[in-house]
Amino acid sequence: MKTYMAKPADVVDKKWFVVDAAGKTLGRLATVLADTLRGKRKPTFTPHVDTGDFVIVINAEKVQVTGRKAELKEYDTYSGWPSGRKVRTYNQVMAKHPTRIIEHAVRGMLPRNTLGRTMFRKLKVYAGPEHPHEAQKPEPLEV
C-alpha cells in the first residue's frame with residue numbers, strides 16, 4: 001500500500017468558497033481559512049503541492065476579537081530605515097484598513113516560502129458584503 005502524493009498536474013478542481021466574517025472570532029476564522037487555502041480539509045492533501053481552494057471573505061469590518069485585544073493588540077511595520085517602525089493598534093488598523101486584519105492573521109498561518117505566497121494569493125478579502133466573484137459561483141463555507 002502506497003501513500004498518495006498529489007502532483008501539481010493532478011490538482012485541477014479548485015473550488016471557490018465564500019465566508020461571512022460578521023460576528024466571527026478572528027483567530028478561529030483565520031484557522032479555517034488557512035486550512036482551506038492550504039487544502040488540509042481534502043483527502044488529496046500533499047504538503048509540498050498547492051491543493052487548496054480559493055476563499056472569499058466578506059464583511060471583514062465586522063470580525064471580532066475577544067478580551068481587550070481591540071485596545072492592546074499591536075501591528076507593527078518596519079520600512080528598513082532608522083526610526084522607520086510604525087506601531088498601530090487593532091482599532092487603528094480596523095478603522096483604516098479592515099481587510100488587513102484578516103490577511104495578517106491568515107498569512108501568519110501559512111508556510112513561509114514560495115508555496116505559502118501562492119496560497120495566500122487565493123485569499124480575497126472585502127470589507128463590505130459585496131464581492132466581484134459571482135461568476136465563479138462560490139459555495140458558502142461554514143466556520
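Predicted model: local features only at pLDDT ≥ 70, side-chain atom pairs only at ≥ 80, totals over all residues.
**Stop 1: helix α1**

Start by selecting residues 26-38, which make up helix α1. From first C-alpha to last, these 13 residues reach 18 Å, close to the 18 Å expected at 1.5 Å a residue. Now show the side chains of L26, L29, A30, V32, L33, A34, T36 and L37, the buried residues of α1. As you step along them, keep in mind that an α-helix has 3.6 residues a turn, so residues three or four places apart point the same way.

What do the buried residues of α1 pack against? Colour β1 (16-20), β2, β3, α4, α5 (114-120) and β5 to see these partners. Before you leave, click on G39, which follows α1 and has a positive phi, near 95 degrees.

**Stop 2: N59**

Next, select N59, in the loop between β2 (54-58) and α2 (69-72). Is N59 buried or exposed? With a relative accessibility of 7%, below the 20% cut-off, N59 counts as buried.

**Stop 3: the largest pocket**

The largest pocket holds about 250 Å³. To outline the largest pocket, select Y75, D76, T77, R88, Q92, V93, K96, H97, R100, I101 and H104, the residues that line it. Which elements give two or more residues to this lining? They are β3 (74-78), α3 (90-96) and α4 (98-107). Colour the lining by class and you will find three nonpolar, four polar and four charged residues.

**Stop 4: two loop residues with positive phi**

The last stop concerns the backbone. Most residues other than glycine have a negative phi. Select S83, in the loop between β3 and β4 (85-89). Phi of S83 is positive, near 55 degrees, although S83 is not a glycine. S83 is exposed because its relative accessible area is 78%, over the 50% cut-off.

Finish at K137, in the loop between β5 (123-125) and β6 (139-140). K137 is not a glycine, yet its phi is positive, about 50 degrees. A relative accessible area of 68% makes K137 exposed.

Definitions and conventions. Residues numbered from 1 in each chain as written. Heavy atoms only, no water. Helix = DSSP H or I, 4+ residues; strand = E, 2+ residues; numbered from the N terminus. Buried < 20%, exposed > 50% of the residue type's maximum accessible area, 1.4 Å probe, protein only. 1 Å grid on protein atoms, 1.4 Å probe; cavity = no way out; pocket = protein on both sides within 12 Å on 5 of 7 lines; lining within 4 Å. Points joined across faces, edges and corners; volume = space filled by probe spheres on them. Nonpolar A, V, L, I, M, F, W, Y, C, P; charged D, E, K, R; others polar. Expected span 1.5 Å × (residues − 1). Contact = heavy atoms within 4.5 Å.
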